[in-house]
Amino acid sequence: MKFSFKFSNLLGSVYHKGNLVFSPDGEALLSPVGNKVTIYDLKRSRSQTMPVENKTNITTMALSPNGRLLITVNERGECLLISMVSMTVVHRHRFHRPVQAVRFSPDGRYFALTKENLVFVYRTPGGINRMYNPFVLERVLQGSYDSTLSLAWTSDSRLLAVGSSDMSTRIYPIQDMTNFRVSSLGGHNAAVLAVFFERASLDCYTLSRSGQLCCWTCSHTLEELQHKASDDRRSSQQESQPLNDDDDQAKPTETEGSDDEEDKLPRAKYKQRAKQYLVDVVREGGGRVELATADFHPGLHVLVTGYTNGSFLIHEMPDVTLIHSLSVSDQVVSSVTLSPAGDWVGLACSGLGQLLVWEWQSETYVLKQQGHSNNMTSLAYSPGGELLVTGGEDGKVKVWNTLSGFCFVTFVEHTAAVSGVALTQSGKAVLSASLDGTVRAFDLTRYRNFRTLTSPRPAQFSCLAVDSSGELVAAGAQDSFEIYLWSLQLGKLLEVLSGHQGPVSGLAFSPDPTSTTLASVSWDKTLRLWDTIQSKGQRETIDLLSDGLAVAYRPDGGELAVATLSGQIQMFDPAWAAQTGAIEGRADLGSGRADADHITAKKSLQGKAFNTLCYTADGKCVLAAGHSKNVCLYHVAERLLLAKFEITQNRSFDAVDDFIHKRKMTEFGNLSLVESRGEDADDIHVRMPGAKRGDMAARALRPEIRVLAVRFSPTGEAWGAVTTEGLLIYSLDPSLVFEPFQLEENITESSVLAKLKAGDPARALLMALHLNVLPVTRRVLESVPHSSVEAVVTGLPHRYVERLLAFVAAELETTRHLEFYTLWAHSLTQQHAGWLRSHVLSVTPLLRQLQKALTAKQKSLGQICDHNKYLLRYLSTLGQLRSAAPPLKRPAGEGHAQDSAESGPESDHVSDDEEVAMVAGPAPWWPARLCTDRRRSLCIRQAARDLVCLALSPSVADGDLVCLAPSVVNRGLAYLAPPPGLAYLALFPSVADGDLVCLAPSVADRGLAYFALSPSVADGDLVCLAPSVADRGLAYLALFPGLAYLALSPSVADGDLVCLAPSVADRGLAYLAPPPSVADRGLRPGVPRPVRGRRRSL
């Protein structure tokens, strides 16, 4: 058993507080979750939590323009500089005060942050500046009379705008300029929460908490700003001075009233252009609604604002035109951000823990995730380990994908807290027990509640268990002290097991398929074993030393572990009902001191105990946790503590530290219990007596850290813990441990490769398994010919089978040689089936891991194969249709002679290549060729295998507009029936008159038809037709995805030139030339012109 478990991901909580940040490429979204940062890959649909922790919750963060550096600041003003390449902390800096905002300059040279009423500008670390302190102070900006809240850089990174709580905005130059001084912008009646600059301009927008928007215009442009000549010399003097943390305010400052030498150049001035009240759009019912957050995209001129009532608006600037409005929640929208492309909007609500990515143009969700609104209480793994099920105090049951980290289904049928969850052995159904007195079964195929199990009289269920066959379901009550047994298939109550004299705290069925034993523990200090098949029910009663809190079976069913209130873990043999051992773990559990505790942490530890436990996948160890920040891993046989995992270092939770700092202890008690109230959105607003603002009964809450449930993955590669912070996933990290197997002195990497080069792959494989170095084992294994795999596996000793099977199962998850490794797995399980059956306890996790990898590969390959199957079927059908279509011959007659006369002697015979060139694009000789006297029949022809003929006349009556039957339409042909007196255009003699089907009269009345000859046209290459010209007998033909043809009827008057819509013209479509009467007016053939009226896409 390996113990190099390392934190890998955080589920169940997607957002806590702070601002969202998009990556520079727009494919990932960074979300602060407590004291960690989670990265959501929107392109690959995966999430990853960075293995970096702050001491408290993160309040603001910023990502450098190149995406390599991340700055996070927590509630105490402690800043972390994190490398996004290595996911490690590069530098720590303390500002000793809260920081409201931090921003990188667009060129990446500086970053600025707010602190009280000051703004500090630092140089961005990295590059050639290799120094001990990477935070080099460039300038301190002051002048605000209250705390600074927002920052904004110009596109050239030379000016910085600062919004303040004093209802003003100040714009500072980073370097001294001759024609620009500090500008102060007012006009607001509340604190300025956001300020933005236009791209390549000094024009800006300011937004206040009251929802007021002010648009400002500058008299100068960025190109007109001039630096002072002495600026370089002054900056070099600043660089030469030593900097430290204590003399930040001693640096040169730029004030509003500073005056240097008189400049003859006119200074830049700002003028208010417009003022808008955006909050009026979302204010409903007369309630108080305020602006909470905002973001601006300078390239698209799009402004996004979020409000306290859960709504957000999208405006187009500078006209402040409302584009989109949506309400995503009834809580405060804590953060909004726009992607670099401007098409996605990231939204976060801290009240509900909700995270959304909204594509506002198509009005669809790119990402929609929400954690439990309250603490999670229970946890269960699927048999394959690819799914996780959690239940919470909010009554919701959520199913998570362990590979992607996303929740893909949520069940909300429960009306009270969920106390237990479980999955059937098949993994197709989820069961949950709740305090509302119901046990519900959910189908993971159709995502519905298909069974609801209830008790004869109301009861509050506190625990849940399902047998190995999935037929029996048991739930224990905490008020009636009874255990209820149902049949899942029938949905009927089978039996009520009575005997406990206290609340039932834990249930567990034996994992042995041949056994139906049910174990239960209660607060009455007893462990009871029930035989659920016999009518008597009860089998054995075992007395415990104290109250039983949790019970768990070993994976093979040969041992039972019980956690008691005394802090012990007792082991029992269920076959003999005898105790086999005990582990004293109270001292290992650990305990912190809460702010309200009047006793020390050591004294408080005496009341702590393990309240959840589980066996590892191989059954050799026990994982236990309780009301503490530690999770303990014990070896059952040796009774030893193997590892202790500290789940968090977040000081925003209570009872994390063992001691309270002496500075917080006064004669009146702990200063941490004194509530600080401010003007922030998360704080409580206390006004003068009689003011009805804020919830006077609300108090600041610091939840106590605790672990509510732990479960080990059936594959043995990971385990999860439900905590106050969320669902923490710990996985094995093979890079941390070198674990050779019976290593000998002559077994080295060079000797293994030498043996492989000598042509003995079997011996090299055994040596590689002894060395246990993944790259070496992979190289040796892939060097074995596929024809020799079965022979090598047959001669493999049994002691190497488990290690080789574990390696193959791990490689199947990431390798490209799927068939090769599948052949190894098949040979191992077939040739050594007897040995695997005799060692079922140790190899079961490996087989589950192998099953998990093969299932994931099967799903991914199934999607690819389905796509290729339908694509090949389409290409095959298209090829058959093209091969069956005969070439189009020019009809002999008057029209042909007339065309030849007009075109000249060189056009007597038109080759196939020339006709294809005619279709590919307009030519100078097209008007003479197409605009002939045959105005009553216009034929557009090509010598390719997809042919079409169009006959259009203004005298087409109702019912004369026809198309071929569906069997003929698949060939890509369409016909228009000409009026009487004109011959039919016959392309195929085998097409009879009976194959014609009339279109609807409503289409025939308009004298027009739309043709889509290729299935690929339906992918979006449609042709638009203006309603104003629909009655003039115009028809558009979409022949290929890149071509469009315009057929003009003789009834079209001179000058009525109609072109395709601009959105279609941008695709490079070709146009036929207009009639000569239109061309004489000076209009170029084939040039798109705007159509009057409203455009409509068909």
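A residue counts as buried here when its relative accessible area is under 20%. Keep that cut-off in mind for the views below, which come from a predicted model.

**View 1. Asp176 and Arg139 join up in a salt bridge.** In this close-up, the side chains of Asp176 and Arg139 meet at 3.6 Å, N to O. Asp176 belongs to the loop between strand E16 (169-173) and strand E17 (183-185), while Arg139 is part of strand E13 (residues 136-141), so the bridge ties together parts that are 37 residues apart in sequence.

**View 2. Lys629 reaches Glu646.** Here's another salt bridge, this time with 3.3 Å between N and O. Lys629 sits in the loop between strand E52 (621-626) and strand E53 (630-635), and Glu646 sits in strand E54 (residues 640-646), so parts 17 residues apart in sequence get tied together. Lys629 counts as buried at 16% relative accessibility, whereas Glu646 is partly exposed at 38%.

**View 3. Glu559 pairs with Arg554.** Their closest N and O atoms are 3.9 Å apart, and both residues are buried. Across the whole structure, a search turns up 21 salt bridges.

**View 4. Phe461 meets two aromatic partners, Tyr484 and Trp486.** The structure has 25 aromatic pairs by the ring-pair rule. In one of them, the ring centres of Phe461 and Tyr484 are 5.8 Å apart and the planes make an angle of 75 degrees, so this pair is edge-to-face. It links distant parts of the chain: Phe461 is in strand E39 (residues 461-466) and Tyr484 in strand E41 (residues 483-487), 23 residues apart. Stacked or edge-to-face: which describes Phe461 with Trp486? With centres 5.7 Å apart and planes at 90 degrees, these rings are edge-to-face. Trp486 is in strand E41 as well, 25 residues from Phe461. Phe461 is buried at 0% relative accessible area, Tyr484 is buried at 1%, and Trp486 is buried at 1%.

**View 5. Lys36 sits over a ring and joins a charged network.** Look for Lys36 over the face of Phe7, 5.4 Å from the ring centre. Lys36 is also linked with Glu53 and Glu725 in a network of salt bridges. As for Phe7, ring pairs connect it into a cluster with Phe5, Phe645, Phe712, Trp719 and Tyr730.

Technical notes. Residues are numbered from 1 along each chain as its sequence is written. This is a predicted model: local features need pLDDT of at least 70, side-chain atom pairs count only at pLDDT 80 or more; totals for chains, interfaces and linings use all residues. Side-chain values use heavy atoms; hydrogens and water are left out. Rings of Phe, Tyr and Trp (its six-membered ring) pair if their centres lie within 6.5 Å; planes under 30 degrees apart count as stacked, over 60 as edge-to-face and the rest as tilted. Helices (H or I, at least four residues) and strands (E, at least two) are DSSP runs, numbered from the N terminus. Buried means under 20% relative accessible area, exposed over 50%, partly exposed in between (1.4 Å probe, protein chains only). A charge sits over a ring if NZ of Lys or CZ of Arg is within 6 Å of the ring centre and within 35 degrees of the ring normal. A salt bridge is a side-chain nitrogen of Lys or Arg within 4 Å of a carboxyl oxygen of Asp or Glu.
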